[in-house]
Amino acid sequence: MGLTQLLPALGLPFDVPVDPDAPPAREWVIEELSKPQYQAAQPSLFDQLVAKFMDWVNSLQFGAVSGPPALAQAVLVGAVVVAIVVLLLVFGVPRLNRRSAVAGSLFGEDDDRDAAAMRAAANEAAGHGDYTLAIAEMFRAIARGLAERTILTTSPGTTAHDFSVRAAESFPESREALGRAAESFDSVRYLGRDGEAAQYEQIAALERTLRTARAVLEPALA
């Protein structure tokens, strides 16, 4: 580029009254480029570092693919794996512990109530001294509660004894209490015996324990 072309580009008047030789022209150019507006346009140290980092990223190889797309994919996969590991360490293996809408046959009777309704009916019956009904209702509340937590479900042919045996596999510390509760249910439901307050209190205590207890086994079918 000649001087006559460089001067307009630098904002200098074209019709310069002198025609300097090479050294003065070079000095003029250096003086002009040293002005603040030109210095501000030069890359900063940060810009240079970023440019060098991107050059390094572009030089990376991931299999048959190179550059930022492969790096981004690798970083994303790594982040997901780390997040899953952290969640497993903190919360453990996921369980199906959401409340489910369970209804239908329960120990030979069609019953669409939830565990809370059965528990309320048992407490009401006990309050009136009807321990026969209270025992039956509270035992049903236990079974329906475990079904709602997807820990143990019942089929139309499941008996109280079968249920207690299966439930004991998930709650071994309550094995004896479950067996006694099943016997009490069968006695008032099928043998025609009158329920007693002590029997009801035992079943009610078992229901409270199992309501918040953590099962040791995965959900099973009964």
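**Helix packing and the nonpolar core**

The crossing of α6 and α7 is left-handed. This comes from a predicted model. The protein has ten helices and six strands. Of its 222 residues, 29% are buried. Among contacts with a separation of 6 or more, 62% join residues 24 or more positions apart.

**The α6/α7 pair**

- The axes of α6 and α7 lie 8 Å apart, and the two helices pack at an angle of about 165°.
- An angle over 145 degrees counts as roughly antiparallel, so α6 is roughly antiparallel to α7.
- On the α6 side, the residues that meet α7 are A115, M118, R119, A121, A122, N123, A125 and A126.
- On the α7 side, the residues that meet α6 are Y131, L133, A134, E137, M138, R140, A141, R144, G145 and E148.

**E137 in α7**

- E137 is a residue of helix α7.
- Its relative accessible area is 7%. Buried means under 20%, so E137 is buried.
- Beyond its neighbours within four places in sequence, E137 is in contact with R113, M118, A121 and A122.
- E137 and A117 are 20 residues apart in sequence, and their C-alpha atoms are 9.4 Å apart in space.

**The largest nonpolar core**

- This core holds 34 residues.
- F107, M138, F139, L146, F163, F171 and Y200 touch the most other members.
- Two or more residues come from each of α6 (115-127), α7, α8, α9 and α10.
- The largest share is that of α7, with nine residues.
- In soluble globular proteins, nonpolar side chains tend to be buried together.
- F171 is one of the core residues that touch the most other members. Leaving aside neighbours within four places in sequence, F171 is in contact with L146, I151, L178, L210, A213, R214 and A215.

**Helix α9 and its cover**

- Helix α9 spans residues 175-189, which makes 15 residues.
- From first C-alpha to last, α9 reaches 21 Å, close to the 21 Å expected at 1.5 Å a residue.
- The buried residues of α9 are L178, A181, A182, S184, F185, S187 and V188.
- Their cover includes α7 (131-148), α8 (160-170) and α10 (197-212).

**The α9/α10 pair**

- α9 and α10 pack at an angle of about 130°, and their axes are 10 Å apart.
- These two helices are therefore oblique to each other.
- The crossing of α9 and α10 is left-handed.
- From α9, the residues in this contact are A177, L178, R180, A181, S184 and S187.
- From α10, they are Q199, Q202, I203, L206 and L210.
- L178 is listed among the buried residues of α9, and L178 is also in contact with F171.
- L210 takes part in the α9/α10 contact and is in contact with F171.

**Loop residues with positive phi**

- F107 lies in the loop between β3 (104-106) and β4 (109-111).
- Phi of F107 is near 55°, a positive value in a residue other than glycine.
- F107 counts as buried, at 2% relative accessibility. F107 is also one of the core residues that touch the most other members.
- T150 sits in the loop between α7 and β5 (152-153).
- Phi of T150 is near 55°, also positive in a residue other than glycine.

Notes. Residues numbered from 1 in each chain as written. Predicted model: local features only at pLDDT ≥ 70, side-chain atom pairs only at ≥ 80, totals over all residues. Heavy atoms only, no water. Helix = DSSP H or I, 4+ residues; strand = E, 2+ residues; numbered from the N terminus. Expected span 1.5 Å × (residues − 1). Buried < 20%, exposed > 50% of the residue type's maximum accessible area, 1.4 Å probe, protein only. Contact = heavy atoms within 4.5 Å. Core = buried A, V, L, I, M, F, W, Y, C linked by side-chain atoms within 4.5 Å. Axes fitted to C-alpha atoms, helices over the stretch in contact; angles between N-to-C directions. Parallel < 35°, antiparallel > 145°, perpendicular 65-115°, else oblique. Left-handed = near helix turned anticlockwise from the far one by under 90°.
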